[in-house]
Amino acid sequence: MDSKHFGAFSSLVHSLTGVTIDPSRSSMLASRVGSRMRQTGVDDHSAYYQLVLNDKQEQQLFIDKVTTHETSFFRTPRIWQYIEEQFLVDWESRNPEKTCNIWSAACASGEEAYSLAIMMSEHSRSNAKFRFSIDASDISEEVVSRAREGQYKQRAIKRFSQDRDEVFSRYITGNEDHYTVSDKLKPLTNYFSHNLFEKAPTNRKYDLVLLRNVLIYFTAEDQNRVLQNIRSAMNDDSTLIIGESESIHKLDCGFYDIQPLIYTNTQAAPLTVAASG
């Protein structure tokens with residue numbers, strides 16, 4: 001792929017998804033565009049570009065191809081430790097009668113959303129009154145479809161199966177290189193396709209949003225746009241978790257850090273000092 005076609009396709013990706021593809025990742029884009037060209041039988045970049053512009057079905061397949069990222073169950077252990085040991089304890093103390101609404105806002109093929117469902121289910125085992133709902137979305141309809149199926153290869157579940165073998169056996173079945181989430185887990189997650197440049201398509205207000213390893217693909221201006229959409233879908237005093245290679249400290253987006261990668265949408269009240277004398 002020459003520089004002219006890279007510019008055209010990277011601009012197209014941005015206009016369709018908001019994702020910015022840096023020139024340093026041109027080989028990735030060329031590989032994924034080339035894969036779709038082979039599958040469609042089109043051998044000219046310009047002709048394939050026109051096909052994506054004019055064919056809505058191919059446009060979605062193109063989006064699916066260039067935005068798909070691999071992940072795994074319980075990725076970044078300290079995030080899950082925070083959710084389990086701090087977020088849930090604090091949230092329940094403030095909301096004893098409410099349902100905890102959670103959104104996995106860039107869920108890829110479902111590993112994160114099912115990890116949430118497992119953690120919330122485990123929490124419910126010792127907290128009978130605890131109720132939760134989990135929405136999960138991705139711009140790629142293909143990976144959302146795969147997420148609903150709940151089938152995974154060993155690389156996605158390896159660490160989970162080793163670190164939490166008893167919990168793993170309650171929710172995952174299979175062996176060697178084909179694993180499936182249990183039927184009791186699948187109904188606990190609601191999957192849908194969603195472009196982060198748009199507001200959430202549900203009326204639900206969320207208490208916890210995971211938006212991990214996706215902001216890195218947006219410019220600062222586009223990150224602000226995405227974060228405003230996310231913030232508008234959250235309850236007051238809710239929590240946002242981002243990816244380990246991301247930071248939003250320099251953005252004026254209405255989020256305030258709790259600790260690295262973890263933010264709240266409500267600024268803490270300033271400390272007051274009583275006057276002496």
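This is a predicted model. Select helix 1 and helix 3 to begin: helix 1 passes helix 3 in a left-handed crossing. Helix 1 covers residues 3-17 and helix 3 covers residues 45-54; their axes come within 11 Å and cross at roughly 15 degrees. Angles under 35 degrees count as roughly parallel, so helix 1 is roughly parallel to helix 3.

Next, show side chains where the two helices meet. From helix 1, pick H5, A8, F9 and L12; across from them in helix 3 are H45, S46, Y48, Y49, V52 and L53. Sorted by class, this contact has seven nonpolar residues, three polar ones and no charged ones.

Seven strands form an open sheet with mixed pairing, in the order 6-2-1-7-8-10-9.

Zoom in on strand 8 (residues 234-242) and strand 10 (residues 262-264), which pair in the antiparallel sense over three bridges. Which residue in strand 10 does T239 stand opposite? T239 faces T264 there.

Helix 5 (residues 77-94) lies across strands 1, 7, 8, 9 and 10, and runs at about 170 degrees to strand 8. Helix 7 (residues 141-149) lies across strand 2 (131-138) and strand 6, running at about 165 degrees to strand 6.

Notes. Residues numbered from 1 in each chain as written. Predicted model: local features only at pLDDT ≥ 70, side-chain atom pairs only at ≥ 80, totals over all residues. Heavy atoms only, no water. Axes fitted to C-alpha atoms, helices over the stretch in contact; angles between N-to-C directions. Helix = DSSP H or I, 4+ residues; strand = E, 2+ residues; numbered from the N terminus. Parallel < 35°, antiparallel > 145°, perpendicular 65-115°, else oblique. Left-handed = near helix turned anticlockwise from the far one by under 90°. Contact = heavy atoms within 4.5 Å. Nonpolar A, V, L, I, M, F, W, Y, C, P; charged D, E, K, R; others polar. Pairing = 2+ DSSP bridges.
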